[in-house]
Every structure is written in C-alpha cells, then in structure tokens.
Amino acid sequence: MIIAVDGPAASGKGTIARALARHYGLPHLDTGLLYRAVAANVARLDLDGSIEADAIAACDFDDALLDDPILRSDAIGSLASVISAHPLVRASLLQRQRRFANQPGGAVLDGRDIGTVIAPEADAKLFIRATPNIRAKRRHAELRAAGSTISIDRVLADIRARDLRDSTRSTAPLVPAKDSALLDTSFLSIEASVQRAIAIVEARR
Ligand code: C5P
C-alpha cells in the first residue's frame with residue numbers, strides 16, 4: 001500500500017505521515033528533507049540557490065546530511081523552497097522518491113507532489129491543510145522550543161512567501177491531486193487529525 005500525504009509547511013502532514021507509517025507498519029520518507037539537504041549544500045558551498053546550475057551542483061549530497069539538525073531551520077526551509085522550483089533539481093530527486101514509494105510492501109511519503117507526480121498511483125492520497133495563522137503559530141512554537149528568537153510575524157510572512165512560491169511554480173506545484181481527500185487540521189488535535197487520516201485510508205484501500 002502506498003500512502004501519499006501532501007500539504008503546505010506546518011500543516012501537520014509530517015506528523016500525520018509518521019503516525020500512519022507507525023499504524024500500518026510501513027516505512028516513511030519525509031521528501032522535504034531531500035530538498036532541505038540540497039539547500040543546506042547550496043549554503044555550505046556558498047552557491048546561489050536561485051540559479052539552476054548552482055542548485056544542480058548541490059544535488060549530490062552525502063546521506064549523512066539528512067540527519068543534520070540544521071535542515072530543520074527556517075532559513076534552510078525557505079532556501080529549499082527556492083531550489084525546489086528548478087525542474088532539474090526535482091528531476092534529480094525523482095527516482096529516489098519513486099524507488100522508495102514502490103518498494104515491496106509499500107510506503108508512506110509526505111511532501112508537496114507525492115500524489116500528483118511521485119506516486120500518482122498511490123492507494124490513498126491525503127492533502128493536509130490548516131490556516132496560515134494556525135500554521136505560523138505551530139511553527140513559531142517549534143522554533144522557539146528549539147531556541148530561536150524569531151517573531152511570529154516573521155514566521156507568518158515566511159509561510160506565506162513559501163506557500164506562494166510552492167503553489168505557483170510551473171513544475172510540480174503544490175496542488176491537491178484530483179483524487180485526494182482534504183483534511184483540515186486547523187481545529188483538530190494531533191490525535192483527532194491522525195484518527196481522521198486513518199479513517200480516510202481505511203475508506204480508500
Ligand atoms: O516539507 P518541508 O517544509 O520540509 O519542505 C521544504 C521545501 O521543500 C518546501 O517548501 C517545498 O518548496 C520543497 N518541497 C517540494 N516537494 C516536496 C517536498 C518539499 O518542493 N515533495
């Protein structure tokens with residue numbers, strides 16, 4: 001069984017995808033980490049992420065980078081959204097994601113284009129949403145807990161800029177697949193969101 005979980009930053013998609021993977025005993029891939037690793041490499045090599053050739057030069061990263069806490073920072077998240085708009089960057093990460101999705105026994109993947117591009121044949125597709133204000137509040141609390149002093153206004157502005165870039169790019173924009181189930185987590189607890197997600201998967205598999 002392949003489960004595709006897509007949605008914008010801080011919508012709850014990662015938490016839901018991890019919970020689904022646990023519930024069904026499936027491996028999970030957070031595909032945002034791959035884009036974040038390329039972004040971290042761009043920063044490390046002092047390249048310009050808005051230039052496609054620079055971003056491509058950073059695509060060949062060491063897998064150990066995927067565990068680096070730097071990947072979770074807001075700055076790397078924003079840079080990831082810049083480099084992920086380049087079609088050749090997306091192409092270079094495509095096979096790895098498809099292989100993960102198609103491993104025997106199935107998988108859960110979360111990202112922006114899992115249901116539309118990476119695994120259009122997925123058995124269950126969820127598109128997770130929440131209002132920008134609520135997502136900013138969640139992300140702000142996470143960043144604060146990690147020691148950041150960033151303001152909530154700044155987090156909200158970053159989220160809005162990222163939503164705009166991710167949903168208006170020409171390659172694999174952030175849009176719900178036609179056959180995805182929409183799940184708005186704005187006013188749901190994590191537990192309630194996960195229960196709804198499981199109910200959606202159960203109804204579709
Ligand atoms: O999900 P996360 O916030 O970690 O993703 C960081 C950035 O990587 C996103 O803003 C998006 O631009 C990009 N991304 C993408 N396609 C994916 C996953 C992430 O374009 N499947």
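These legends cover close-up views of one predicted model. Local features need pLDDT of at least 70 and side-chain atom pairs count only at pLDDT 80 or more, while totals for chains, interfaces and linings use all residues. Residues are numbered from 1 along each chain as its sequence is written.

**View 1. The shell around the ligand.** Around the ligand are 14 residues, each with its C-beta atom, placed from the backbone, within 6 Å of the molecule. G32, Y35, S81, S84 and G111 come nearest. At least two shell residues come from each of α2 (32–44), α4 (74–83) and α8 (152–168).

**View 2. The largest nonpolar core.** This core has 27 residues. A nonpolar core joins buried Ala, Val, Leu, Ile, Met, Phe, Trp, Tyr and Cys residues through C-beta atoms within 7 Å. Buried means 20 or more other C-beta atoms within 10 Å of a residue's own; exposed means 12 or fewer. I3, V5, L20 and L109 touch the most other members. Helix α1 gives the most, with 5 residues.

**View 3. A second core.** This separate core holds 18 residues, including L33, A40, I83 and V89.

View 4. S193, V194, A197, I200 and V201 are the buried residues of α9. Seen down the helix axis, they fall within an arc of 120 degrees (taken from the directions from the axis to the C-beta atoms), so they line one face. They pack against β1, α1, β4 and β5 (181–184). On the other side, E191, A192, A199, E202 and A203 are exposed.

Terms used. Helices (H or I, at least four residues) and strands (E, at least two) are DSSP runs, numbered from the N terminus. Two residues are in contact if their C-beta atoms, placed from the backbone, lie within 7 Å.
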